[in-house]
Every structure is written in C-alpha cells, then in structure tokens.
Amino acid sequence: MSAVLKPNQKFVVCDGNEAAALAVTLAQVDMVAVYPITPQSSLVEYLAKFAADGKLDAEIVDVEGEHSVLSVLHGATLAGARTYTATCGPGLAFMFEPYMRTPGMRMPLVMTIVTRDTLTPQSVWGGHQDAMSVREIGWIQMYCETVQEVLDTTIMAYKIAEHHDVMLPVNVCHDGNYLSYGATRCELPDKDKVHAFLGTRDVNWHAALDPERPMAIDPLTGGAGGPGPAMFVRYRKGQCTGMQNSLRVIEEVHAEWERVFGRGHSPLIEQYRMEDAEYALVTIGSMTGAAKDAVDEARERGQRVGLVKVKTFRPFPSKVVVQAFKNVKAIGVVDRSVNFSWNNGPLFQEVVGALYQAPTRIPAMSFIGGLAGADLTTGHFGRVIERVADMARGGEPGETVWLNQDD
C-alpha cells in the first residue's frame, strides 16, 4: 500500500550526513567552513554539491584545517552571519582552542559532530568519545537516534542557539557509520515553513562588529592588569544561566516544531514503556532502536522493563531524569564512550549524579559497548536487561560490564 502524500510533502532517501547538509540549506546559512575527516567527509561533499547546484546560497570557505574553520566562523558570527560547520575525532581535537572560546563569546554557531572514537589505538569508526571529551566546554549537546531526527534537530538548533535567553553554540551529534552512512526514508519540511519557523536571523545581538559602534572582542579580564575578577564572574555566571535557560527553550522549540510540521521528537529525554516499569535502561544516540526492540521482547516475556533515551546531554536535564525514574527499582546505563577516571561511562556518571537528588536510593550499573564501531544488538541489550532485573530483585550493582569484549 503506497503512502498518501500530504500537499507539498516531499520524501527523500538519504543518510545522516546528507540529512544534516539538507538541513543547512533549509536554514539559509550565510557561511560554511568545513574540513573533511572520516566519517564526516561526505557531509562536506554534500554541502559543496548543494552550493554548486544553487541549492545552498552560502559562502563556503576553504581553510587549511579545523582550527581555522572555527576561527573564520567566529568573525562571521560576530558580524551577524548564520554559520555552520561539522567535524569529529582528531578534527575536533585540532579545533579545540577556538572551540573552547566559542561559548564564552556567546556565539550561536551550529556544529555537527559525526561521532567517532578517539585515538589511540587507531580508529576511524563510530563511538561517542570525541563528543563526550568536550562535554564541559559550554556547548549545548543534542544526540540523535535517527536520520530524520538529524535533519529536524539541525534546523531547530539555530532557533535554540539564537534565542536571546540562550545565545550559545549547539552541537548536533549523530553516530558515525550508523547514522552518517545509514540511508533511510526521510521527510523534507517545506522550505517556506522552515524560513517562517526560524524567523529573521538575529545573531549579532550586541552589534559586535559594527563599524558605527567599535568595541573590543574578548578583552583580558580577571587578575592584575585587567578589569578585575568581578567582570569575569559576571560573564561566566551569564554563560551558565544561558545553558540552564536552554532547557526551557529546547522544549519550547521542539513543541513549536511539532505544531508546525506535524512531526515531533522528545526534546530532553524520551520515555519508552515507562508507565509501569519496575526497572529501566538508559541509552543515547542510535543504539536506542535495538534497545527498544530488546525492551519489547522482554515485555513479551512478562518483564516490566522500560527505557529512557537522553536526547539533550548538555545541559544535562537532571530534574526530568529523576522524575522519569521515580517508580523504578534499578537502572542500567549504556554508554558508547568511557569515563577514564571512574572506569564507567559519562552518561552513567550524569545519571548517578542526577539520582543523588532522588528521594530514595535507586541502584544503577554501568554498561559500555559499541566502541570503535562495534554493533550493539538486541542480544547485548537482553543481557543488560537480565542484569538490571537481578538488581531490581535485590542484587547489588557490580563492576562496569564491557559488552563487546567477547564478541
């Protein structure tokens, strides 16, 4: 049976990298600076093709490396341009210095991280280690489960970043290999509706590079020789306030997106079969599809298990996470990256930190899998469910479980 198309509705078959590039064209960005690196490289190629075909009316700047990518976009953003870039792995490491400066200067830039594991051992395959390694720099981070979510979230990221209660850069993260190259059917939103949804760009809210109003950018503050620590504290506090404001704005923007386009995504977390769950899994990114299948299979066996997917990782939505787990007896958190200091995962550490605010103790256990492109199957998640079920029956949490170690 063929689908009944709505008026002006368009569908394409594309991978996550092309979906991100399509979103950039719909967002009417003014400047793009990107340096290719696996598994992000095809995203650069799509952007170049769209520009050559006249679909993307933006200045594409060729630079010698990722450090220059963000340095170029800093100037464009301060001048009032809507800007975009993408990177991953060693490319993200190379741009670290300007990456670190971007949120401090409150620049509403959008950047895709096509996530991959970091060096060394050598790996060009998917994992979350690169994005998780920069989680404390001050960028908003949202992780996508599907190609459709990549497209929609990239567009929404501009409305979130440019909101005057936020004014911070946004990373839209999608999994290398699994989403970057995985093709699926994707609905394209109407471009006129997207333009109306985003509204008039208002990036240069301080007129930072206005020749009629000259000013210094990122001046020395703090100790001797500067204006004093009070100014630094004011800036830093304002940055933290913008991050916390973004939780509200992310929810508002997602709600508006669903009203306008008739298609919704969970803004902060997604709850799956949590209504009567006695224990639960926590996932992030593309692994969630296999985890949901494992939950469904366990439900057929009579196990009351649910799942919470974290969409917004920075800032971490602690309050809604605690609320989601108010009735569960045990939690298993699955990471695609490593927290070296604690021998567990970054997502696990955030969940445990949030649960400190819960009225009662809820035992949680860390599971790590999917490193360097390894698959996370329903079988892996079935093992997680059985271990968490044992905890719910009174068993103690054990050491971190490495899911692909014996594959």
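Predicted model: local features only at pLDDT ≥ 70, side-chain atom pairs only at ≥ 80, totals over all residues.
User: What distance does helix 9 reach from its first C-alpha to its last?

Analyst: Helix 9 covers residues 229-261 and has 33 residues.

User: On which residue is the kink in helix 9 centred?

Analyst: The bend at a residue is the angle between axes fitted to the seven residues ending there and the seven starting there. In helix 9 the kink is about 30°.

User: Which elements do the buried residues of helix 9 pack against?

Analyst: Buried means under 20% relative accessible area, exposed over 50% and partly exposed in between, with a 1.4 Å probe and protein chains only. Among the buried residues of helix 9 are Met 243, Leu 247 and Trp 257. With contact meaning heavy atoms within 4.5 Å, they pack against helix 5 (96-104), strand 6, helix 7, helix 8 (191-198) and strand 12.

User: Which strands stand at the edges of the open sheet of seven strands?

Analyst: The order of this sheet is 3-2-4-5-7-6-12, with mixed pairing, where two strands pair if DSSP finds at least two bridges between them. Each edge strand has a single partner strand, so one side of each is left without a neighbour in the sheet; these are strand 3 (59-61) and strand 12 (312-314).

User: Which residue of strand 12 stands opposite Met 142?

Analyst: Strand 6 (residues 140-143) pairs with strand 12 over two bridges, in the antiparallel sense. Opposite Met 142 stands Thr 312.

User: What angle does the direction of helix 3 make with that of strand 4?

Analyst: Axes are lines fitted to C-alpha atoms, for helices over the stretch in contact, and angles run from 0 to 180 degrees between N-to-C directions. Helix 3 (residues 66-78) packs on the sheet and touches strand 2 (31-33), strand 3 and strand 4 (83-87). Its direction makes with that of strand 4 an angle of about 165°.

User: How far apart do the C-alpha centres of domain 1 and domain 2 lie?

Analyst: An automatic or database domain assignment gives the bounds, namely 11-198 for domain 1 and 269-402 for domain 2. Contact joins 22 residues of domain 1 to 28 residues of domain 2. The C-alpha centres lie apart by 28 Å.

User: Which strands stand at the edges of the open sheet of six strands?

Analyst: This sheet has the order 9-11-10-13-14-15, and its pairing is mixed. Each edge strand has a single partner strand, so one side of each lacks a neighbour in the sheet; these are strand 9 (269-272) and strand 15 (401-402).

User: How many residues of strand 13 are buried?

Analyst: Strand 13 (residues 330-335) runs parallel to strand 14 (residues 364-368), joined by five bridges. Ala 330, Gly 332 and Val 334 point one way, while Ile 331, Val 333 and Asp 335 point the other way. Strand 13 is mostly covered, and its buried residues number six of six.

How values were computed: Residues numbered from 1 in each chain as written. Heavy atoms only, no water. Helix = DSSP H or I, 4+ residues; strand = E, 2+ residues; numbered from the N terminus. Expected span 1.5 Å × (residues − 1).
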